[in-house]
Amino acid sequence: MTALWTRDAAVAATGGRPLGRDWTAAGVVIDSRKAGPGDLFVALPGERVDGHDFVAQALQAGAAAALVARRPDGLGDDAPLLLVPDVLEALAALGRAARDRSSARIAAVTGSVGKTGSKEMLAAALAAYGPTQASQGNLNNHIGAPLSLARLAPTVAHAVFELGMNHPDEIRPLARLVRPHAALITNVELVHAGYFTGIGQIADAKAEILEGLEPGGAAVLNRDNSQFDRLAGHATRLGVGRVVTFGTGAGADVRLLAASSDAAGTRVEAEVAGRRLAWTVGGIGRHWALNSLGVAATLLALDLDPATGMAALGEVAAMRGRGGQVRLDLPGGALTLIDESYNASPPAVRAALAVFADTRPATGGRRIAVLGDMLELGAGAPAAHRGLAAAVTAAAPDVVFLVGPQMRSLAVTLPTGLVAGHADRSEDLAAKVAAAVGPGDVVLVKGSLGMRMKAIVTALEALAVPARHAVNGG
């Protein structure tokens, strides 16, 4: 077992008091169900559950030790514990110590849309240069970022961390913890608009990532974005000496020349610091091409040759819930499910509809779109939903199903007869959607996580017999 944390190192990092037997940990987990041999279980308290109630379960599963704020009942005297005043603060301290001991070159990613895909592409690209580590899944908040840092092995050469927010002042402490050498802001859009006074304030919140840059670090900015000048102004104010840009215009350091997609992925041609390069991304759609430009720009910011890393992106595809395409075998044929059930915002829905429009049904099949409310848009929500009408129509669906009260605003703007069903809850529409689909269809399911669009996906998966095969990103 490769040691990630010895007891002495964890004590030094957290200032905690060790109890019970000595230990060495190879991993760090916050979910007792995922605890295994050699893990340090962090017993975080929560609103609904308290990790302290599951310490015994984690230790029985083989966890090396538990980080706790109190000694749980029922444990033996030799139970390996690290007692601290505040478990979340101690987790942050572990992350801080891991960052201090690391010699890795680090990239951090934020943005209104595309940050998780960009993080995955960066991880694949950086792995071409040496051992690389990345935050897993969607671990990008005040818990996820410290957890990801606490897992940072001392031996890696590069690391990439995703930082998210939906309020001001949330990215700043995370960026100062991660201390990246390059900070990529994919874009700024009216996402989480219900918590901000306007897009300028959203840009200010995203720019907080620049406050964590190491001396000599670089900002990586989307030159096409409406907030580019504002973000660049923040970089100047903070004394960031290097800004690397990407986009479609002639002024970008990494400039898109051409992009085309098919079932195998997206082919990209670009000019990178005056050099013409081409690469393939496993994800489907122009948004993958544009996000890959940010990856190339980040490699430049880290003083790496982009040609090496960009060649590794062919294996990176959309994940389930974020655009992954899945073939569902039905009696008499198969349908293609585009699973976008994890999140939604106006730009993300438009990007998903563009991919949907380019995904061809089989003979006799139809295009069916199932769209759920986009949440956290504040007073602008009705207009934002109505504003999707042109993109929906351009995608030429044969049938549309809508989920959520805000989608009523879209329903009244669409052609008569196009909407085959509407419900405020996904669970109330799932059976109707499942009854409507058939062999050859292409079905897009898109909506904010809070709309629980996974219920639609589950209903469709229940139709499959018996095997399910990934088409792209399964």
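Two strands count as paired here if DSSP finds at least two bridges between them. I kept that in mind throughout, and also that this is a predicted model.

**Sheet.** I traced the strand order first. It is an open sheet of nine strands, running β9-β10-β8-β11-β12-β13-β14-β15-β16, and the pairing is mixed. Which strands stand at the edges? They are β9 (132-134) and β16 (275-281); each has a single partner strand, so one side of each is left without a neighbour in the sheet.

**β12 and β13.** Next I zoomed in on one pair. Strand β12 (residues 218-222) runs parallel to β13 (residues 242-247), with five bridges between them. Ala218 sits opposite Arg242 in β13. I then checked what packs on the sheet here and found helix α8 (residues 228-237), which touches β11 (182-185), β12 and β13. The direction of α8 makes about 175° with that of β12.

In soluble globular proteins, nonpolar side chains tend to be buried together.

**Val28.** I listed its contacts, leaving aside neighbours within four places in sequence. Val28 touches Leu4, Trp5, Asp39, Leu40, Val42, Leu91, Leu147, Ala150 and Arg151.

Note on methods. Residues numbered from 1 in each chain as written. Predicted model: local features only at pLDDT ≥ 70, side-chain atom pairs only at ≥ 80, totals over all residues. Heavy atoms only, no water. Contact = heavy atoms within 4.5 Å. Helix = DSSP H or I, 4+ residues; strand = E, 2+ residues; numbered from the N terminus. Axes fitted to C-alpha atoms, helices over the stretch in contact; angles between N-to-C directions.
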